[in-house]
Amino acid sequence: MTIQIALALLVFVAAYVLIATEKVPRVTVALVGAALMVIIGATDDHGVFFSEDSGIDWNVIFLLLGMMIIVGILRQSGLFEYLAIAAAKRARGRPFVIMVMLVLITAALSALLDNVTTVLLVAPVTLLICSRLGVSAIPYLIAEVMASNIGGTATLIGDPPNIIIGSRAGLTFNDFVINLAPIVAILLVVFIGLCWLMFRKQFAYDAERVERIMALNEREAIRDVPLLVKSLVVITLVLAGFVLHSVIGLEPALVALLGAGLLVLIARLETRKVFADVEWETLLFFAGLFVMVGALVNLGVIDAVGEAAVEAIGDNYFGAAAGLLFGSAIFSGIVDNIPFVATMAPLVDGLVTAGGPPAEPLWWALTLGADLGGNATAVGASANVVVIGIAARNAMPISFWTFTKYGLIVTAVTVTVCLPYLWLRYFL
Amino acid sequence: MEFFFETDLLVTVGRPASVRTRRRVAPGDVRAARSSVDSGAPGSLVGTVVVLQREGAPMRAQDLATPVPMVDRHTSAADAARQIADGQLPGLVVADDRGIPVTVISAVDVLRLLVPDYILEDMALAGVFDERGAEDVWSEGSRRVIGDLLDDQETRMSDILRVDADATLVEVAAEMVDARAQIAVLHGSAESEPRFVVLPAVMEAVLRFGGASEQRGDSRR
């Protein structure tokens, strides 16, 4: 091992530790780590900006940017609040039915939006509904954030790790839906059953308060009907663009950017509102991560680990998939799943390239493990942290262990359910 | 030396009315100013006494000083809102457990306490309540206390601005702008009875002197 490789590994491991411990803002860590990689000569300007193997994955950055702009405009329409209140009224105030409806709405939204945006939309209206009903919102918020992590697994754009995997593996929107939507549907049924078991003691309510739910006027939540119509038209076009990728030949990032541009043009909102939901720090965090991982690719570290993995796996791809599934779930519960997937994607790419079609299910094992593992702990996914913050601001503190107690159960069950799915679908 | 002062007088008996008056009082004797005003009106003075000018000397911070109601972290949002509404105040001074002023909360901050956070996080929800629901919202908010606001990391609280008693009007104005403060405590005033400079008083004085300068400028032209 050369000094350069040793230094690169030191920077990489130190950055991982700092990201995991959250002592320093993660974007700072990623950018400083990337800068150090350049300084030690592990990568250069060509490697950072132009290399498909070891550079910043612009498909990921611009797909995220485009979707952030579209969702940022769409959320101003009030559609999601309308749906949630209408669902609560349809449930006639029965807590478990409300929870099921909110779980399903959250999971469906999360498949189309990123998880953080989804919970930002659903959590406030949940607090309102629970306040009217006079019940604690904590079980509902926990259920929703977990539903968003499960639902986001189903599509290319549902969760940032999926975008990284899709771009690295060349998997399309349709590939994700065909391979993951069936298991996500099964997981949601299982998850609803778990919600009943975990929260059944908290479903008592005062029937007299139901009228307070029924008195809510969901139509008032929709503040801008023309904006709603424009947003729905554009997002339909964008989804059609994703689905018809093989026909129109446009990368998802370009489809999202074109959609964002069209919506900005026709929505005619203030610039401040258009870009309010763009998380520039997240985009820079991704860029920094790609540079750090790319540096290890440049130095041959990823290839060396990949070769060792190929040798260890042999042709036992089901064993590899099981290891990847559970290993990813455990790791993603401890560390943010984005840096984990950014590191693992080139590694799995090497395994799939070496193993051919029999090894392709490894991508789905990685996706399922990384996405579902986010439910394990309070810090396993960004959406968890966001919901816990919203709950705290509304005088409903959810402690780390309260969340993690439920999270470990849900993660263990859902990840275990994925194993027979992978076996039956790809290895039987 | 004598002061001239002017005030907006809010009469609490019968229909509130604004009365402007001018009287001569001893230096810094706000109490005399108040009683002087009170003597001519049926009710009590609630508004701010604004000293307009002091003969033979530039206006100082102490000339603008006035008492302001203080609250503490245990004061309910409803009580704080009542004081602001009754006194037409731009904000309230928050005192620590020893009664020493530590920070200022603006009227908007107090209003923020009354509105549930989930509505502030998603403004689309503000319109979905009927009358009964709105009453519930205010009822819930009223039970919160000033301490909730102080502990809220979303609300930036800074130490109360302190101005020297002999600071000139320009210094006071500049320091309040720099600190974006609506209320400042007079440095050196008694801890048991702190006195404050409030933004409307400063504005009134600035307008008065600015207006006078403008008039002089006009006459020169």
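Let me start with strands β5 and β6 of chain B, where β6 covers residues 101-106, because in this predicted model the two strands pair in the antiparallel sense over 5 bridges. If you follow the pairing along the strands, you will find that L92(B) stands opposite I105(B) in β6(B), and that V94(B) stands opposite T103(B) in β6(B). The two strands form a hairpin with 5 residues between them, and in the turn G99(B) has a positive phi of about 85 degrees.

Staying with chain B for a moment, please look at the loop between α3, residues 77-87, and β5, residues 91-95, which is where Q88(B) lies. Phi of Q88(B) is near 50 degrees, a positive value in a residue other than glycine. Is Q88(B) buried or exposed? Q88(B) has a relative accessible area of 62%, and is therefore exposed.

R268(A) is found in the loop between α14, residues 252-267, and α15, residues 271-274, of chain A. Because its relative accessibility is 74%, R268(A) counts as exposed.

Let me now turn to helix packing. Two packed helices are described by the angle between their axes and by the distance between those axes. In chain A, helix α5, residues 79-90, packs with helix α7, residues 115-133, at an angle of about 35 degrees, and their axes are 9 Å apart. The crossing of α5(A) past α7(A) is right-handed. On the α5(A) side the contact is made by F80(A), E81(A), A84(A), I85(A) and A88(A), while α7(A) brings L121(A), V125(A) and I129(A). Sorted by class, this contact has 7 nonpolar residues, no polar ones and 1 charged one.

A second pair in chain A is helix α16, residues 280-298, with helix α19, residues 337-355, where the angle is about 35 degrees and the axes are 10 Å apart. Here, too, α16(A) passes α19(A) in a right-handed crossing. From α16(A), F285(A), F286(A), L289(A), V293(A) and V297(A) meet I338(A), P339(A), A342(A), T343(A) and P346(A) in α19(A). By class, that contact has 9 nonpolar residues, 1 polar and no charged ones.

In soluble globular proteins, nonpolar side chains tend to be buried together. In this model the largest nonpolar core has 165 residues, and those with the most contacts inside it are M37(A), L63(A), I164(A), F191(A), F199(A), F242(A) and L362(A). The largest share of this core, 13 residues, comes from helix α10 of chain A, residues 173-199. Which residues does F199(A) contact, leaving aside its neighbours within four places in sequence? They are M99(A), P139(A), I142(A), A143(A) and Y406(A). There is also a second, separate core of 16 residues, which includes L161(B), A167(B), V172(B) and A181(B).

Methods: Residues numbered from 1 in each chain as written. Chains lettered and ligands numbered in written order. Predicted model: local features only at pLDDT ≥ 70, side-chain atom pairs only at ≥ 80, totals over all residues. Heavy atoms only, no water. Axes fitted to C-alpha atoms, helices over the stretch in contact; angles between N-to-C directions. Helix = DSSP H or I, 4+ residues; strand = E, 2+ residues; numbered from the N terminus. Left-handed = near helix turned anticlockwise from the far one by under 90°. Contact = heavy atoms within 4.5 Å. Nonpolar A, V, L, I, M, F, W, Y, C, P; charged D, E, K, R; others polar. Buried < 20%, exposed > 50% of the residue type's maximum accessible area, 1.4 Å probe, protein only. Pairing = 2+ DSSP bridges. Core = buried A, V, L, I, M, F, W, Y, C linked by side-chain atoms within 4.5 Å.
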